[in-house]
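Please work through each task with the sequence and model at hand before reading its solution.

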Amino acid sequence: MHSPDTATIRWAPFHPLVNKEMWEVLSGRALWTMLLILCPLVGYSFVQAVSLYSEASSAARESAALASGLSPLDGILVPTFGAFYVAVTLLFPFVAIRVLGREKESGALRLLVQLPYRASTLIASKIVAVAAAWAVATIPVISALVVWAVLDGHLYAAETINLLLGHLLYGLLIGAIALFAASVSESSATAAIITLAFTIGSWVLDFALAGQPGLLEWISRLSLTQTLRPFEQGLLSAGLVFGIVGTIGGFAGLATIWLHPGVALLAKLVRSLFCVAVAGGIVFLATQVRTSFDLTEDRRNSFPAADESALAMLREPLVITVRLAPEDPRYADLRRNVIAKLERTLANVSVRLAASGQSVIGSASEEAYGDVAYSYAGRSATSRSTSHREVLPLLYELAGMPVPAPIPGQDYPGYPLVANGQTALPWFFGVLPLLIGIFWWWSCRAPRVPQLFKDGGQS
């Protein structure tokens, strides 16, 4: 075996390596088994979502106010993609681990590293194969969107593509973790345990630290599950995308460091520390990026356009002091309806939790509990409302500005639809699994032997 000199410049065409990795992942049983499981899983979620959406639409037929609350993003897309999220969390690691784990178990990795490719190139080709596997796994979800469109359902392109982008980044993140786990493990079973420790550990992190302030809140943001929530809310956050890409690069870098079996353990540990430091720096920088875009059709993450124009003229720092316990549902409402939108609109907003460290039960008896104080330009006002319709006039009064007139014609109409989702059951439970099974059988068939070889070369 050659000495692992990673500084040596080696070059070879990239596409044969990618073709090999693509064939490896597409010919494996893990991907097709996951696809067969996804069909009924996604199909049942889609049918249930359509059923509930139809019930709500029936009640909203005669009321424009109720109809405006019906969004396909919340009613159809997020529940349908939720089944896909569960499958990617629990099943996709086995697909990604196979890309590297099989070569380690069979000893083929020792031959692979002798090829004229850098270790980083080998991992890059495996990341491409993982991305291709994720794209194949989306077939049931994409077919659900097509069925929804056939049922005359409404799809808003920007929020749909944004949701797909979020799941793509999440899938690549799971794939990068799986590759790292496979590179440090000697068996695929151990790699699966390590990967599931990351994914299931994220769920535990979510439940244990939900609503906690300060450092605990920051730690809870490291949960993998948190990466999808802004996309499900229709937000495209530049900082979040930057952070996820940096994290994927960090795990890919660690997989590269631990790939070569001939590198000394101490050298791997030193390089790993450097890689973790660089990735941590990128994630920290990403948390400082506040740019985000509201891609929802109903602009749920933004104030009305007239208010946004007026708030853009506020230049002084705004300090918000909240006397609510973090786990209080009113704090969640205030954060979603007012604070998050102000942070996206104003350049300088500071939020202080005066009741941090206290519980709802222990603080509810205090007279000032529930007050939210707004301080701007040396003036202050207090409110208990969690709605922007009452808070924004308060801010205009503090700033000495008139309340802007609403711009007509910007109301979201909503898209109620009464449809029978049961008609899609044969597709998800019969036709699509059958087509996938046929294509699986076709991809695994023995290659055709040319007639020339059958005849022993005699013509």
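**Exercise 1.** Determine whether R299 is buried, partly exposed or exposed, and state where R299 is found.

*Solution.* The relative accessible area of R299 is 34%. Buried means under 20% relative accessible area, exposed over 50%, and partly exposed in between, with a 1.4 Å probe and protein chains only. R299 is therefore partly exposed. R299 is found in the loop between β2 (292-294) and α15 (305-311); helices (H or I, at least four residues) and strands (E, at least two) are DSSP runs, numbered from the N terminus. Its phi is near 50°, a positive value in a residue other than glycine.

The model is predicted: local features need pLDDT of at least 70, side-chain atom pairs count only at pLDDT 80 or more, and totals for chains, interfaces and linings use all residues. Residues are numbered from 1 along each chain as its sequence is written, and side-chain values use heavy atoms, with hydrogens and water left out.

**Exercise 2.** Carry out the corresponding analysis for D152, giving its phi, its location and its exposure class.

*Solution.* D152 is not a glycine, yet its phi is positive, about 75°. D152 lies in the loop between α8 (139-150) and α9. With a relative accessible area of 63%, D152 is exposed.

**Exercise 3.** Describe the packing of helix α2 (residues 29-60) against helix α4 (residues 72-90).

*Solution.* Begin with the axes, which are lines fitted to C-alpha atoms, for helices over the stretch in contact; angles run from 0 to 180 degrees between N-to-C directions. The axes of α2 and α4 come within 9 Å and cross at roughly 160°. That makes the two helices roughly antiparallel, given that angles under 35 degrees count as roughly parallel, over 145 as roughly antiparallel, 65 to 115 as roughly perpendicular and the rest as oblique.

Next, consider the contact residues, where contact means heavy atoms within 4.5 Å. Among those of α2 are M34, L38 and F46, and among those of α4 are P72, F84 and A87. The contact divides into 15 nonpolar, three polar and no charged residues. Here Ala, Val, Leu, Ile, Met, Phe, Trp, Tyr, Cys and Pro count as nonpolar, Asp, Glu, Lys and Arg as charged, and the others, Gly among them, as polar.

**Exercise 4.** Classify the angle between helix α7 (residues 119-137) and helix α9 (residues 157-184), and list the residues that meet.

*Solution.* The axes come within 10 Å and cross at roughly 135°. The two helices are therefore oblique to each other. On the α7 side, K126, I127, V130, A131 and W134 take part; from α9 come L164, H167, L168, G171, L172, G175, A176 and L179. These comprise nine nonpolar, three polar and one charged.

**Exercise 5.** Which residues touch the most other members of the largest nonpolar core?

*Solution.* A nonpolar core is a set of buried Ala, Val, Leu, Ile, Met, Phe, Trp, Tyr and Cys residues joined through side-chain atoms within 4.5 Å. In the largest, with 87 residues, the answer is M34, F46, F84 and F92. Not counting residues up to four places away in sequence, F92 touches M34, A87, V130, A133, W134, G171, I174 and G175. A second, separate core has 28 residues, including L334 and L346.
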